[in-house]
Amino acid sequence: MFSSRIPADLAPNALARALEAIRARGGEVLDLTETNPTRAGLTAPPELLAPLARPASLVYEPHPFGLPAAREAVAATYQASGLAVSAAHVVLTSSTSEAYSFLFKLLCDPGDEVLVPVPSYPLFDHLTRLDGVVPRTYPLEYYGSWSVDLEALERSVGPRARAILVVSPNNPTGSVLRRGDLDRLAALAASKGLAVVGDEVFADYPLEPAADGCRVLAQTRALTFSLGGLSKSVGLPQLKLAWIAAGGPPRLLDAALARLEVVADAYLSVSTPVQQAAGLLLAAGQAVHRAIAERVRRNLARLREVSAPSPCTVLRVEGGWSAVLRVPATRPEETIVLDLLRQDGVLVHPGYFFDFPREAFLVLSLLPPPASFDEGVSRLIARLSLGC
Ligand SMILES: Cc1ncc(COP(=O)(O)O)c(C=O)c1O
């Protein structure tokens, strides 16, 4: 009866089952996978949500791409980064996930392919499948820092490829797209008639930025979409406001926007209050952004300090909210994370959740409150230093 867009196996994985069992017994868990900024012990300014109650929000005036003032406010964030983005090329959505869905509808017929990086954002499997699109992977490689394997990417482009997806800073590797890689990737996209989709939700969280790091809209050779949203830029995922900023060769861009309007007009999914408040939220939310940026830096420094004398290595992280720890591959990742949870009450993600090509890597969120982060990291490093 049901479509194959939904996975046949809906059973929770071994880590989720173990976590549920511990919580059911009332056990305490130090959760180093927490990426919800509203559960990270950060305090938002009390008046932050006041703009949502503006009287203008009592009027419903649907605009497929969103209210002009909100789109101006989003365009201004790109302009502040030196990118010439016009409000006319900004499309509001309720989440980045919805932005992906709009773009898959714009670019792909069922069975068409998009190129996705690995290791990367685990939701790609679901997001593509839910829109009837097939993900084809291309590798990121680590030699002291991460870079795109461009030859492998080129080999993955088949006749049904429609877009190259890039996540920068990437989740979980924290790697940022390099200017040289962007130029080659955009040249490939332009020559093969593909779009570039850049997920830049973590763009405002640089950690160890590379000198030649860049944003996808720094070129206009290929039809390009940059995705962002309040959920990461100002740590307000509950407000459900995200966006697509488009760029590229003018005729192609106009054709894309005309079609994207049909998609956006069918859903009109962004609420009026959040659109009316967008400019003020982006400004006042800077207080939350600063608190998150400080937290992430602090926790990364701590992780490095505690792991330095151990057999574990923190990989270079250029931006974002997560860190990757390479640990001795004495046992399978799954055994390592299950033991950490059961014996030490510490929850981390195994690298294979993110399709790391080999073992053993652990992925840690840098967002948890310092007290639980420090305790969790100390237990984790102590356990892994024992070699079991
Ligand atoms: C790379 C990446 N893109 C998008 C999102 C989700 O953004 P949104 O809440 O706007 O759907 C996440 C969430 O963790 C993410 O890691």
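Helices (H or I, at least four residues) and strands (E, at least two) are taken here as DSSP runs, numbered from the N terminus. The structure is a predicted model, so local features need pLDDT of at least 70 and side-chain atom pairs count only at pLDDT 80 or more, while totals for chains, interfaces and linings use all residues. Residues are numbered from 1 along each chain as its sequence is written, and side-chain values use heavy atoms, with hydrogens and water left out.

P350 sits 18 residues away from P332 along the chain, and the C-alpha atoms of the two are separated by 9.5 Å.

Next comes a pair of helices. Two packed helices are described by the angle between their axes and the distance between the axes. For helix α2 (residues 68-80) and helix α9 (residues 272-284), the axes come within 7 Å and cross at roughly 30°. This makes α2 roughly parallel to α9. The axes are lines fitted to C-alpha atoms, for helices over the stretch in contact, and the angles run from 0 to 180 degrees between N-to-C directions. Angles under 35 degrees count as roughly parallel, over 145 as roughly antiparallel, 65 to 115 as roughly perpendicular, and the rest as oblique. The crossing of α2 past α9 is left-handed, a label used if the near helix is turned anticlockwise from the far one by less than a right angle (clockwise gives right-handed).

On the α2 side, the contact is made by A70, A73, V74 and T77, and on the α9 side by Q275, A278, G279 and L282. Contact here means heavy atoms within 4.5 Å. Sorted by class, the contact of α2 with α9 has five nonpolar residues, three polar ones and no charged ones. In this scheme Ala, Val, Leu, Ile, Met, Phe, Trp, Tyr, Cys and Pro count as nonpolar, Asp, Glu, Lys and Arg as charged, and the others, Gly among them, as polar.

Helix α9 also holds T272. With 13% relative accessibility, T272 counts as buried. Leaving aside residues up to four places away in sequence, T272 touches S57, V59 and Y60.

Then there are the cysteines. C108 counts as buried at 10% relative accessibility, and so does C312 at 5%. Taking a disulfide as a pair of cysteine sulfur atoms within 2.5 Å, the count comes to zero disulfides.

The backbone has some features to point out as well. The peptide bond from V118 to P119 is cis, with omega near 0°, and P119 lies in the loop between β3 (113-118) and α4 (124-130). Another cis peptide bond links E359 to A360, with omega near 5°; A360 belongs to the loop between β13 (349-350) and β14 (361-365).

That loop between β13 and β14 is also where D355 is found. Phi of D355 is near 65°, a positive value in a residue other than glycine, and at 42% relative accessibility D355 counts as partly exposed. K240, likewise not a glycine, has a positive phi near 55°.

Technical notes: Buried means under 20% relative accessible area, exposed over 50%, partly exposed in between (1.4 Å probe, protein chains only).
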